[in-house]
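User: Can you take me through this model? I want the ligand site and then the salt bridges.

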Amino acid sequence: MSLDLGDRQRGMLREIGIELFWPAAEVREEAPAEQPVQLAPTQVAPIAEAPVRARPPEPVAPPQRQAPAIAEAPLRQRIPGVAGMEWEALAGAVAECRACRLCEGRTKTVFGVGDLQADWMVIGEAPGETEDLQGEPFVGQAGKLLDNMLAALGVRRGQGVYIANVLKCRPPGNRNPLPEEIAQCEPFLRRQVELLRPKIILAMGRFAVQTLLQTTEPVGKLRGRVHRYNDVPLVVTYHPAYLLRNLPDKAKAWADLCLAQSVMRGLA
Ligand code: URA
């Protein structure tokens, strides 16, 4: 499967190194590092609207990041009525949210950014340091690669695509999100998807993928087919930060984008 590329898009592909690894037939087998881990037991309050999922480790283990000890504080009450909110109220609710302890360390909440009429929705995991400072998703190094990937598809931030994360606040030290943080935050994302009604969701990275699909299957096993989240077609791909560390897997990511594009066009 391939896309009809213009010169500009070919240039983008060259720039992000994807052309080097095309065609997809050259794609390698999955790296063993993509195996899932055991889910942690959940500590979710009965108010949870969605099952709790745990975040597995990064595909290639970075230097071990220890989760700071978070006291076993009782879960706070979620902001009520999220499921019926419109964009403005939803953004306000996120900005004011104190439903988990991530609110204590955040600089800014990171609600999401983009075209509210977009066909494409990209979902990542959680804000990093730069995103926390700027209040916008994917503005660090991984974000630059994401922008190039989107440009290859003919969309860009603010036009044709909406970008959000599962978590709206930065986990301290970029540690993995805790199950209760995911449980508290996911209703915001669910509502964003309902309001946007994108034609396709691109779920990036193991944490986002496993959270949205409620599975512990590795990304490599979930790629290459069309899933659904909230009745919206969802295609799984690697996180741009992972691709920066694993350049050959850009070819697989490109194949994922092609699949998503064909779904978007009603071809798959
Ligand atoms: N990684 C993500 O998943 N989201 C961001 O916003 C930044 C980095």
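This is a predicted model: local features need pLDDT of at least 70, side-chain atom pairs count only at pLDDT 80 or more; totals for chains, interfaces and linings use all residues.

User: OK, which residues surround the ligand?

Analyst: Gly 124, Glu 125, Ala 126, Glu 131, Pro 137, Phe 138, Asn 165 and His 239 surround the ligand. A residue counts as near if one of its heavy atoms lies within 4 Å of the molecule.

User: How does that shell divide into nonpolar, polar and charged?

Analyst: Three nonpolar, three polar and two charged. Here Ala, Val, Leu, Ile, Met, Phe, Trp, Tyr, Cys and Pro count as nonpolar, Asp, Glu, Lys and Arg as charged, and the others, Gly among them, as polar.

User: Which polar backbone atom is 2.8 Å from a ligand oxygen?

Analyst: One of Glu 125. For Phe 138, a backbone N or O atom lies 2.9 Å from an oxygen atom of the ligand. A ligand nitrogen is 3.2 Å from a polar backbone atom of Ala 126.

User: How much of the ligand's accessible area does the protein cover?

Analyst: The protein covers 91% of the 230 Å² that the ligand has on its own. Accessible areas come from the Shrake-Rupley method with a 1.4 Å probe.

User: Salt bridges now. How many does the structure hold?

Analyst: Eleven. A salt bridge is a side-chain nitrogen of Lys or Arg within 4 Å of a carboxyl oxygen of Asp or Glu.

User: Where do Lys 199 and Asp 119 sit?

Analyst: Their side chains form a salt bridge at 3.8 Å, N to O. The pair links distant parts of the chain, 80 residues apart: Lys 199 is in the loop between α5 (179-196) and β5 (200-204), and Asp 119 in the loop between β1 (113-114) and β2 (120-124). Helices (H or I, at least four residues) and strands (E, at least two) are DSSP runs, numbered from the N terminus.

User: And Glu 181, buried or exposed?

Analyst: Buried, at 2% relative accessible area. Its salt-bridge partner at 2.7 Å (N to O) is Arg 175, and Arg 175 is also buried at 2%. Buried means under 20%, exposed over 50%, and partly exposed in between (1.4 Å probe, protein chains only).

Methods
Residues are numbered from 1 along each chain as its sequence is written. Side-chain values use heavy atoms; hydrogens and water are left out. A polar contact is a pair of N or O atoms within 3.5 Å; within protein, one must be able to donate a hydrogen and the other to accept it, and residues adjacent in sequence count only if both atoms are side-chain atoms.
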